[in-house]
Amino acid sequence: MAKKPGTNPKGEFAFFNVFYEDDTQRSNRRVPSELLGGLDGDEPARGFIMEQDREIAEKSGRPALEIKRIERVGVKKK
């Protein structure tokens, strides 16, 4: 059964665009907000996404791609 709109807690996840060394992009990768902030800022998101990619690579039988950079969705560049 589908959930009603607006029933998910806001701020539970932060979303990131991930850019890989082969110039491909994956959009809106979810990272739990509890991992972010503090002195490390968004850097823990890279490790979390790398772990997701490793698990996906194992299941698909393809090698994991090397991450070039990540950007938080909705944050303006300075």
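Modeller: Before we begin, helices (H or I, at least four residues) and strands (E, at least two) are DSSP runs, numbered from the N terminus. This is a predicted model, in which local features need pLDDT of at least 70 and side-chain atom pairs count only at pLDDT 80 or more, while totals for chains, interfaces and linings use all residues. Residues are numbered from 1 along each chain as its sequence is written, and side-chain values use heavy atoms, with hydrogens and water left out.

Biologist: In what order do the elements of the protein chain run from the N terminus?

Modeller: The order is β-β-α-β, given by one helix and three strands.

Biologist: What share of the 78 residues counts as buried?

Modeller: Buried means under 20% relative accessible area, exposed over 50%, and partly exposed in between (1.4 Å probe, protein chains only). By that scale, 21% of the 78 residues in the protein chain are buried. Strand β1 is mostly covered, with six of its eight residues buried.

Biologist: Which residues make up the largest nonpolar core?

Modeller: In soluble globular proteins, nonpolar side chains tend to be buried together. A nonpolar core is a set of buried Ala, Val, Leu, Ile, Met, Phe, Trp, Tyr and Cys residues joined through side-chain atoms within 4.5 Å. In this model the largest one has ten residues: Ala 14, Phe 16, Val 18, Tyr 20, Val 31, Leu 36, Ala 45, Ile 49, Ile 67 and Ile 70. At least two residues come from each of β1 (13-20), α1 (43-60) and β3 (67-72). The most is given by β1, with four residues.

Biologist: What is Ile 49 in contact with, its neighbours within four places in sequence aside?

Modeller: Contact means heavy atoms within 4.5 Å. Ile 49 has such contacts with Phe 16, Val 18, Arg 29, Val 31, Ile 67 and Ile 70, once neighbours within four places in sequence are set aside. Over the whole protein chain, residues 24 or more positions apart account for 43% of the contacts with a separation of 6 or more.

Biologist: Is Asn 17 buried or exposed?

Modeller: Asn 17, found in strand β1, counts as buried because its relative accessibility is 17%. A polar atom of the Asn 17 side chain lies 3.3 Å from the backbone nitrogen of Asn 28. Asn 28 belongs to strand β2 and is partly exposed, with a relative accessible area of 44%. Although Asn 28 is not a glycine, its phi is positive, near 55°.

Biologist: Which residue in the hairpin of β1 and β2 takes a positive phi?

Modeller: That residue is Asp 23, with a phi near 65°, in a hairpin that has four residues between the strands. Asp 23 is exposed, at a relative accessible area of 63%.

Biologist: With which side chain does the side chain of Lys 68 make a polar contact?

Modeller: A polar contact is a pair of N or O atoms within 3.5 Å; within protein, one must be able to donate a hydrogen and the other to accept it, and residues adjacent in sequence count only if both atoms are side-chain atoms. The partner of Lys 68 is the side chain of Asp 23, at 2.8 Å. Lys 68 is found in strand β3 and is partly exposed, with a relative accessible area of 38%.

Biologist: Which charged ends sit over the rings of Phe 13 and Phe 19?

Modeller: A charge sits over a ring if NZ of Lys or CZ of Arg is within 6 Å of the ring centre and within 35 degrees of the ring normal. Arg 30 places its charged end over the ring of Phe 13, 4.0 Å from the centre. For the ring of Phe 19, the charged end is that of Arg 69, also 4.0 Å from the centre.

Methods
Two strands pair if DSSP finds at least two bridges between them.
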